[in-house]
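Dear colleague,

I am passing on the structure we talked about, and you will find the sequence and the model just below. My notes on what was found follow after that, grouped by region.

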Amino acid sequence: MGNPSCAVFGCNAPKKSRVKMFHLPKNRILQDKWVQFCKRRDKINIANARICEKHFSCDQRKRDLKSELLGIPAPSNFRFLKDDAIPDILSPKELCASHPEEAEEPQPSSGSHSTPRNTGL
């Protein structure tokens with residue numbers, strides 16, 4: 001079986017990367033919330049669908065209490081979700097400060113800089 005891709009519409013998490021993928025929960029209520037978050041028009045295969053870690057804020061992740069109590073950095077592979085986690089980030093730019101290594105740096109645009117327009121509203 002190949003590497004799965006993220007079920008969230010528009011997510012470009014590479015199939016072959018170190019981004020952790022989470023199966024949809026077995027709890028039907030949570031499962032429905034995850035499917036709604038994906039914003040897909042096509043039907044999602046619940047058995048095979050996965051959502052990548054980039055769509056979960058720090059509030060949805062378990063804390064590494066061992067590392068916190070010992071005052072050491074959490075291992076980079078410590079990425080677990082709370083039992084009631086619901087994806088809540090559509091854009092990687094919204095990642096929390098405790099997971100900066102997962103945020104993708106925006107690519108500078110070529111040439112022009114955009115400035116907000118005053119629409120008079």
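What share of the 121 residues in the protein is buried? Before the answer, please keep in mind that this is a predicted model. Buried residues account for 30% of the 121 residues in the protein. As for the surface, the protein exposes about 9400 Å², and carbon and sulfur atoms supply 52% of that area.

The overall layout comes next. The protein has two helices and two strands, and, read from the N terminus, these elements follow the order β-α-β-α. Among the contacts in the protein with a separation of 6 or more, 65% are between residues 24 or more positions apart.

In soluble globular proteins, nonpolar side chains tend to be buried together. In this model the largest nonpolar core has 18 residues, and those with the most contacts inside it are W34, I51 and F56. At least two residues of this core come from each of β1 (21-23), α1 (28-38) and β2 (50-52), and the element that gives the most is α1, with three residues.

The aromatic residues

A pair of aromatic rings is described by the distance of the centres and the angle of the planes. By the rule used here, the count comes to two aromatic pairs. In one of them, the rings of F22 and F56 have their centres 5.6 Å apart and their planes at 80°, so this pair is edge-to-face, a term that applies to angles over 60 degrees. This pair links distant parts of the chain, with F22 in strand β1 and F56 in the loop between β2 and α2 (65-70), 34 residues apart. Both F22 and F56 are buried, and for F56 the relative accessible area is 1%.

W34 and F56 also form an aromatic pair, and this one is tilted, at 5.2 Å centre to centre with 55° between the planes. Here too distant parts of the chain are linked, for W34 belongs to helix α1 while F56 sits in the loop between β2 and α2, 22 residues away. Taken together, F22, W34 and F56 form one aromatic cluster. Apart from these pairs, there is a charge placed over a ring: K20 lies over the face of F80, at 4.6 Å from the ring centre.

Which residue does the side chain of E53 meet in a polar contact? The partner is R79, and the contact runs from side chain to side chain at 2.9 Å. E53 has its place in the loop between β2 and α2, and with a relative accessible area of 3% E53 is buried.

The segment before β1

C6 lies in the segment before β1 and is buried, with a relative accessible area of 9%. Not counting residues up to four places away in sequence, C6 touches C11, M21, R50, I51, C52 and H55. C6 and A49 are 43 residues apart in sequence, and their C-alpha atoms are 7.5 Å apart in space.

A13 also lies in the segment before β1, and at 10% relative accessibility A13 counts as buried. The distance from A13 to C52, C-alpha to C-alpha, is 7.3 Å, although 39 residues separate A13 and C52 in sequence.

A backbone detail

Finally, K39 has a positive phi of about 50° although K39 is not a glycine.

With best wishes

Note on methods
Residues are numbered from 1 along each chain as its sequence is written. This is a predicted model: local features need pLDDT of at least 70, side-chain atom pairs count only at pLDDT 80 or more; totals for chains, interfaces and linings use all residues. Side-chain values use heavy atoms; hydrogens and water are left out. A nonpolar core is a set of buried Ala, Val, Leu, Ile, Met, Phe, Trp, Tyr and Cys residues joined through side-chain atoms within 4.5 Å. Buried means under 20% relative accessible area, exposed over 50%, partly exposed in between (1.4 Å probe, protein chains only). Helices (H or I, at least four residues) and strands (E, at least two) are DSSP runs, numbered from the N terminus. Rings of Phe, Tyr and Trp (its six-membered ring) pair if their centres lie within 6.5 Å; planes under 30 degrees apart count as stacked, over 60 as edge-to-face and the rest as tilted. A charge sits over a ring if NZ of Lys or CZ of Arg is within 6 Å of the ring centre and within 35 degrees of the ring normal. A polar contact is a pair of N or O atoms within 3.5 Å; within protein, one must be able to donate a hydrogen and the other to accept it, and residues adjacent in sequence count only if both atoms are side-chain atoms. Contact means heavy atoms within 4.5 Å. Accessible areas come from the Shrake-Rupley method with a 1.4 Å probe; for residues, only the protein chains shown count as cover.
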